[in-house]
Amino acid sequence: MRINLVPLGDIAQDIMGQLKTRTSHIFGCPVNIESAIAVPEHAYNAERNQYLATDLISLLDKKGGGDDDRVIGITEVDLYAPRFSFVFGQANILSHTTVISLCRLRQEYYGLPRDEALCLERATKEIVHELGHTFGLGHCPNSRCIMHFSNSLADTDYKKAIFCAKCQPRLQL
Ligand SMILES: [Zn+2]
Ligand SMILES: [Zn+2]
């Protein structure tokens, strides 16, 4: 099993490197950085000024990989899903493909000073959460657990980047 990180659009190399190291540390498996692919224009919704997360996932699905492999797209564009004003990330459990957006993880999105370390910490949490879904986990009621559903950044900041004692043994790595 391998985890493949795919930049969707321009993502700084040091961010990709950091996310690779952290993801590999948490799951204890090889993590690859694939070559970047452009964010598909057909995913763009001009009325919302956002991109449809499932369109990005479908694009990543076509990249294939081994049956056991996990694919996670990283993008700077703002993502949405029907019935949600935005999503931090989304997973296709069947294809083991996921996507996360850095857009709303950035302090500057909220008019605050840039904080790269905080952005990386949040991005790591979103990655671990979405990958957790592809390893068979649903949402967890423990608000400190990484599988807790994040409605807001406060939820993301409150939870830890690790699985709780109930979720950890249920991970199907
Ligand atoms: Zn979730
Ligand atoms: Zn849990």
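## A guided look at this predicted model

Setting aside its neighbours within four places in sequence, Cys29 is in contact (heavy atoms within 4.5 Å) with Met1, Ile3 and Ser24. This is a predicted model, in which local features need pLDDT of at least 70 and side-chain atom pairs count only at pLDDT 80 or more, while totals for chains, interfaces and linings use all residues. Residues are numbered from 1 along each chain as its sequence is written, chains are lettered from A and ligands numbered from 1 in the order in which they are written, and side-chain values use heavy atoms, with hydrogens and water left out.

**Cysteines**

- Cys29 lies in the loop between α1 (13-27) and β2 (31-33); helices (H or I, at least four residues) and strands (E, at least two) are DSSP runs, numbered from the N terminus.
- Cys29 is buried, with a relative accessible area of 9%; buried means under 20% relative accessible area, exposed over 50%, and partly exposed in between (1.4 Å probe, protein chains only).
- How many disulfides does the structure hold? The count is zero, where a disulfide is a pair of cysteine sulfur atoms within 2.5 Å.
- As background, a disulfide is a covalent bond between the sulfur atoms of two cysteines.
- From C-alpha to C-alpha, Cys29 and Leu153 are 28 Å apart in space, and 124 residues separate them in sequence.

**Salt bridges**

- The structure has nine salt bridges, each defined as a side-chain nitrogen of Lys or Arg within 4 Å of a carboxyl oxygen of Asp or Glu.
- One of them joins the side chains of Arg2 and Asp69 (4.0 Å, N to O).
- This pair links distant parts of the chain, 67 residues apart: Arg2 is in the segment before β1 (3-8), and Asp69 is in the loop between α2 (53-61) and β5 (70-75).
- Arg2 is partly exposed at 32% relative accessibility, whereas Asp69 is buried at 13%.
- Another salt bridge brings together the side chains of Arg106 and Glu116 (3.5 Å, N to O).
- Arg106 sits in the loop between β9 and α3 and Glu116 in helix α3, so this pair ties together parts that are 10 residues apart in sequence.
- Here Arg106 is buried, at 10% relative accessibility, and Glu116 is partly exposed, at 24%.
- Asp157 and Arg122 also meet through their side chains in a salt bridge (2.8 Å, N to O).
- Asp157 belongs to helix α4 (residues 153-158) and Arg122 to helix α3, so this pair ties together parts that are 35 residues apart in sequence.
- Asp157 is partly exposed, with 34% relative accessibility, while Arg122 is buried, with 4%.
- Which residues do salt bridges that share partners join into one network? They are Glu76, Arg106, Glu108, Arg114 and Glu116.

**Nonpolar cores**

- In soluble globular proteins, nonpolar side chains tend to be buried together.
- A nonpolar core is a set of buried Ala, Val, Leu, Ile, Met, Phe, Trp, Tyr and Cys residues joined through side-chain atoms within 4.5 Å.
- The largest such core in this model has 33 residues, and Ile74 and Phe163 have the most contacts inside it.
- The elements giving two or more residues to this core are β1, α1, β5 and α3.
- Helix α3 provides the largest share of this core, six residues.
- Not counting residues up to four places away in sequence, Phe163 touches several others, including Phe27, Val128, Leu137, Cys145 and Leu171.

**On the surface**

- Tyr109, Tyr110 and Leu112 form a nonpolar surface patch, with about 280 Å² of accessible area together.
- Patches are made of residues with over 30% relative accessible area and no salt bridge; like charges are joined within 9 Å, and nonpolar side chains (Val, Leu, Ile, Met, Phe, Trp, Tyr) within 5 Å.
- Accessible areas come from the Shrake-Rupley method with a 1.4 Å probe, and for residues only the protein chains shown count as cover.
- Tyr110, in the loop between β9 (97-101) and α3 (116-134), is partly exposed with a relative accessible area of 39%.

**Positive phi values**

- Asn49, a residue other than glycine, has a positive phi near 55 degrees.
- The loop between β8 (89-92) and β9 holds His96, which is buried at 17% relative accessibility.
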